[in-house]
Amino acid sequence: MKLILLYYLIENFNLFAEEITKETVVVIDNASIHTSNKFKLMIEKWESQGLKIFNLPPYSPQLNPIEILWKFMKYYWIELDAYKSAKHMQDYIEKIIIGYGTNY
């Protein structure tokens with residue numbers, strides 16, 4: 001599963017970096033997916049496109065409230081169809097974000 005998420009993450013960072021029109025900062029935590037060699041190898045490319053990556057200090061949940069939402073998405077609400085493809089995962093994440101506060 002982590003490998004699928006890693007490729008999904010890289011694919012989406014690539015798409016995002018192509019779309020930005022001004023220098024943009026993305027804040028990431030120290031999840032294994034963010035510290036993987038494949039992800040780290042892409043940072044220089046993204047930064048050359050104006051997408052800067054800022055790493056939170058290790059174990060700083062007070063700076064990263066999305067962790068609570070992500071925990072529920074990963075462990076309680078995940079639908080098996082989400083693992084079929086990057087597109088299915090994207091649809092699942094969008095569904096949760098759109099429905100957060102009403103359906104979830």
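Hi everyone! Let's start with the order of the pieces: going along the sequence, this protein runs α-β-α-α-β-α-α. Please keep in mind that what you see here is a predicted model. If you tally up that pattern, you get five helices and two strands.

Now, how far does the protein span along its principal axes? The C-alpha trace covers about 40 × 30 × 25 Å.

The protein has 104 residues, and buried ones make up 33% of them.

What about contacts across the sequence? Take the contacts between residues at least 6 apart in sequence: 68% of those join residues at least 24 apart. So much for the contacts; on to the charges. The protein carries 11 positive and 12 negative charges. How far apart are their mean positions? The answer is 5 Å.

Let me finish by zooming in on one residue, Thr24. You can find Thr24 in strand 1, which covers residues 24-28. Have a look at its side chain in the structure: the side chain of Thr24 reaches the backbone oxygen of Lys22, at 2.8 Å. And which residues does Thr24 touch, if we leave out those up to four places away in sequence? They are Phe16, Gly50, Leu51 and Lys52.

Notes. Residues are numbered from 1 along each chain as its sequence is written. This is a predicted model: local features need pLDDT of at least 70, side-chain atom pairs count only at pLDDT 80 or more; totals for chains, interfaces and linings use all residues. Side-chain values use heavy atoms; hydrogens and water are left out. Helices (H or I, at least four residues) and strands (E, at least two) are DSSP runs, numbered from the N terminus. A polar contact is a pair of N or O atoms within 3.5 Å; within protein, one must be able to donate a hydrogen and the other to accept it, and residues adjacent in sequence count only if both atoms are side-chain atoms. Contact means heavy atoms within 4.5 Å. Buried means under 20% relative accessible area, exposed over 50%, partly exposed in between (1.4 Å probe, protein chains only). Lys and Arg count as positive and Asp and Glu as negative; His and the chain ends are not counted. The place of a charge is taken as NZ of Lys, CZ of Arg, CG of Asp or CD of Glu.
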